[in-house]
Amino acid sequence: MRAWPTPTVPSVPGPSVPLRLHDTSDGVVRPVNPGEVAGVYVCGITPYDATHLGHAATYLAFDLVNRMLRDNGHQVHYVQNVTDVDDPLFERADRDGVDWRDLGARETDLFREDMQALRVIAPQDYIGAVESIPEVVEYVGRLLDNGSAYVVDDAEFPDVYHRADATEQFGYESGYDRATMERFFAERGGDPERAGKRDPIDPIIWRAAREGEPSWPSPHGPGRPGWHIECAAIAANRLGAGFDIQGGGSDLIFPHHEYSAAHVEAATGERRFARHYVHAAMISLDGEKMSKSRGNLVFVSTLRRSGVDPAAIRLGLFEGHYRQDRPWSDAVLARAELRLDLWRRAFAAPSGPDGAELIARVRRYLADDLDTPHALAAIDAWAEKAVVGGGPDAGAPATVACAVDALLGVPAAA
């Protein structure tokens, strides 16, 4: 599957600052210590609707991670999936009277357009679930062979499930107690009532063919992948176990990320799927989490069609910290547009305050678990001085504009 064109990311003068990120499993902010190539996997969309601001907030947070790693001189092997075979996609296609493949292709195209407009650095590997099915089939076989998975005793639908107790460390990523796991499993796509399972929270990894559903041949019988095993196979086969960062929204911590890690750990014997588990918080509208089930979505494409500069969308979502649930509103957008106008007037000024000092501060803030609120405030203060009275540094406007483009993805012009 093709990704979207990657924006040009300029080099920033001055010393970089090593990145530190909060790790969900450990509950602390600690250094990211990649080698020459940093491996990053971020869960992608299920393409049954347009990209909303909750999606955008997640992908923009990891775009900052990507930019900071590059600023530190690392190559970044960034992998993202598309869950283009899943129940919500089938349900929406059936509701709208369209083929599920056409719906998935259409919404994936729109997602690409949104990401390009937002100037998100494209993944090196952009992989659809459908094209990864042979990899999933192989992974399911490995888990069956080593006893980490089993087939339910059901002659009609012999589904394959992963044993939640297959690894000693299961549950370490989320840190949730059993009651919380059971609640989230039921709320987030699990099937705790399925007869024949050994444990209600065992997740399906191969769903036997049902009438009216797409299926693919496999040694385990015709069927299709479970959700978590797709990401497990895609990430492990491109980055290997023990890569640097697994990321996504906070609603993926359990069951999705817990199980994708457990599948790989059970298949490989590794004790930790990724070195860092990083999760972005939720965006709300009128006090409620923005989600398709609530119907309270603000779409990136709608904002773009109404004339909103995508850079203002970036700044509006960067107003709050990526790990804090935060609201979107007309007021948030208005502040972002005023901020963007101020910055661009400052970038066009003949001079400004010391650019090197500001860039060093912005790097320190972003390196400290992506502290965008302080980074934006520092640029605001510099920009106000540059617009009102200039400053002693004639090269500052151009230098700062370059840094803001590289580190925050906000260009000096529309």
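## A three-stranded sheet

Three strands form an open sheet in the order β13-β12-β14, and the pairing is mixed. The edges of this sheet are β13 (288-289) and β14 (326-327), each of which pairs on one side only. The model is a predicted one.

Strand β12 covers residues 283-285 and runs parallel to β14, with 2 bridges joining the two. Within this pairing, I283 has R326 of β14 as its bridge partner.

## Fold and overall dimensions

The chain as a whole holds 13 helices and 14 strands. Its radius of gyration is 22 Å, close to the 22 Å that the globule rule gives for 414 residues, so the chain is as compact as a globular protein of that length. Along the principal axes, the C-alpha atoms fill a box of roughly 80 × 45 × 35 Å.

## Burial and contacts

Buried residues make up 59% of the 414 in the chain. Taking contacts between residues at least 6 apart in sequence, 79% join residues at least 24 apart.

## Surface and charge

The chain has an accessible surface of about 16,500 Å², and carbon and sulfur atoms account for 49% of that area.

The chain carries 42 positive and 62 negative charges. The mean position of the positive charges lies 4 Å from that of the negative charges.

Methods: Residues numbered from 1 in each chain as written. Predicted model: local features only at pLDDT ≥ 70, side-chain atom pairs only at ≥ 80, totals over all residues. Heavy atoms only, no water. Pairing = 2+ DSSP bridges. Helix = DSSP H or I, 4+ residues; strand = E, 2+ residues; numbered from the N terminus. Rg over C-alpha atoms; globule rule 2.2 N^0.38 Å. Buried < 20%, exposed > 50% of the residue type's maximum accessible area, 1.4 Å probe, protein only. Contact = heavy atoms within 4.5 Å. Areas by Shrake-Rupley, 256 points an atom, 1.4 Å probe, with all protein chains shown as cover. Lys, Arg positive; Asp, Glu negative; His and termini not counted. Charge placed at Lys NZ, Arg CZ, Asp CG, Glu CD.
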